[in-house]
2 protein chains.
Amino acid sequence: MADKGESFKFAPRRSVEEVEEGKVLAPKFDKDGVIPCVTTDAASGEVLMLGYMNAEALALTIKTGEAHYWSRSRQSLWRKGATSGLVQTVVELRIDDDQDSVWLRVNVAGSGASCHVGFRSCFYRAVPMKTGISPDQLVLEFKEQEKAFDPKAVYGDAPNPTVL
Amino acid sequence: MADKGESFKFAPRRSVEEVEEGKVLAPKFDKDGVIPCVTTDAASGEVLMLGYMNAEALALTIKTGEAHYWSRSRQSLWRKGATSGLVQTVVELRIDDDQDSVWLRVNVAGSGASCHVGFRSCFYRAVPMKTGISPDQLVLEFKEQEKAFDPKAVYGDAPNPTVL
């Protein structure tokens, strides 16, 4: 189970006005105890990944300046780069209007990649638009031609986090 | 309830390898029938919002080239800009490695704003980093000084989508 935040106390959500227009950080964790986090490359602006944080991961990210997530597949705290060395150093952390999403702008160590498949961004494929083709017939287009690293060399036999 | 996609059939998820390395669009909708979507401004790269799509919203976005979402607070399909005129025209739509997140790059009509509070981006506040202050004492910093539009004038008495 995700840490529900007992040990990393954020401020309570008192009113819609305070949450939207105020200066108090009062994040909303969902029923699984996590908040989604968009992570972009601070230099290129590219979206690298969409991860999830529990209260501990968010607090540690703010405290250390390095991105921490909650791995839903492993059900454990995940310091990004712990295995791969591809640590994400936070340049800026933003919270959205209703405080139920986080945006991290980061610099990535090493090869600069953030995707466990080996690509720079997890979003390495584009969906063709307005083709009139049925959704189950669409053919994805690769936007990165080469992997930035070899996932087998980096992760070895660790279980693949992708769940069908 | 979110449309479970019966009427907008996407391809089945057959194997981890096909989902990660293949060219078939086989998105994973969560137990509520939605997939998270990061939306960025195609010109500035700024993250504008994090929304959710059900199968119908994703299919309509691909078909029409205009961003559609699933409103969790209203529990209804939401063509972005239907009320405000701030329509998002999709420049590119990407899917991530395990196909459980979408990234839209868009051009926004009118004032270019995407946030119901009136700001350009929903992420108009930053969290100070590495202060050593307890999470419940952090003071947010506003990154947009002025609203791009007056939400009262645009939305009138429509219910605020923010949920405590």
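Predicted model: local features only at pLDDT ≥ 70, side-chain atom pairs only at ≥ 80, totals over all residues.
Is Cys122(B) buried or exposed? Cys122(B) is buried, its relative accessible area being 8%.

1. Cysteines of chain B. The sulfur of Cys122(B) has its closest cysteine sulfur in Cys115(B), at 4.1 Å, which is too far for a bond. The cut-off that matters here is 2.5 Å between the two sulfur atoms. A disulfide, in general, is a covalent bond between the sulfur atoms of two cysteines.

2. Cysteines of chain A. Cys122(A) accordingly is in none, and the nearest cysteine sulfur, belonging to Cys115(A), lies 4.1 Å away. Cys122(A) has a relative accessibility of 8% and therefore counts as buried, the limit being under 20%.

3. Relation between the chains. Chain A is superposed on chain B by a rotation of 180 degrees, with 0.0 Å of shift along the axis and an RMSD of 0.0 Å. The two copies are thus related as by a two-fold rotation axis. Within chain A, Gly45(A) has the C-alpha nearest this axis, at 2.7 Å from it. Both copies use the same surface, since 100% of the contact residues of chain A recur in chain B.

4. Six strands form an open sheet with mixed pairing, in the order β2(A)-β1(A)-β6(A)-β5(A)-β7(B)-β8(B). At its edges stand β2 (47-53) of chain A and β8 (141-142) of chain B; each has a single partner strand, so one side of each is left without a neighbour in the sheet.

5. In chain A, strand β1 (residues 35-41) and strand β6 (residues 102-108) run parallel and are joined by five bridges. Val38(A) has Trp103(A) as its bridge partner in β6(A).

6. Ser84(A) and its surroundings. Ser84(A) is placed in the loop that lies between β4 (76-79) and β5 (88-95) of chain A. Its side chain reaches the backbone nitrogen of Leu86(A) at 3.1 Å. Leaving aside residues up to four places away in sequence, Ser84(A) touches Val154(A) and Tyr155(A). Phe29(A) is 55 residues from Ser84(A) along the chain, and the C-alpha atoms of the two are separated by 28 Å.

Note on methods: Residues numbered from 1 in each chain as written. Chains lettered and ligands numbered in written order. Heavy atoms only, no water. Least-squares fit on C-alpha atoms with pLDDT ≥ 70 in both. Contact = heavy atoms within 4.5 Å. Buried < 20%, exposed > 50% of the residue type's maximum accessible area, 1.4 Å probe, protein only. Pairing = 2+ DSSP bridges. Helix = DSSP H or I, 4+ residues; strand = E, 2+ residues; numbered from the N terminus. Polar contact = N/O pair within 3.5 Å; in protein donor to acceptor, adjacent residues only side chain to side chain.
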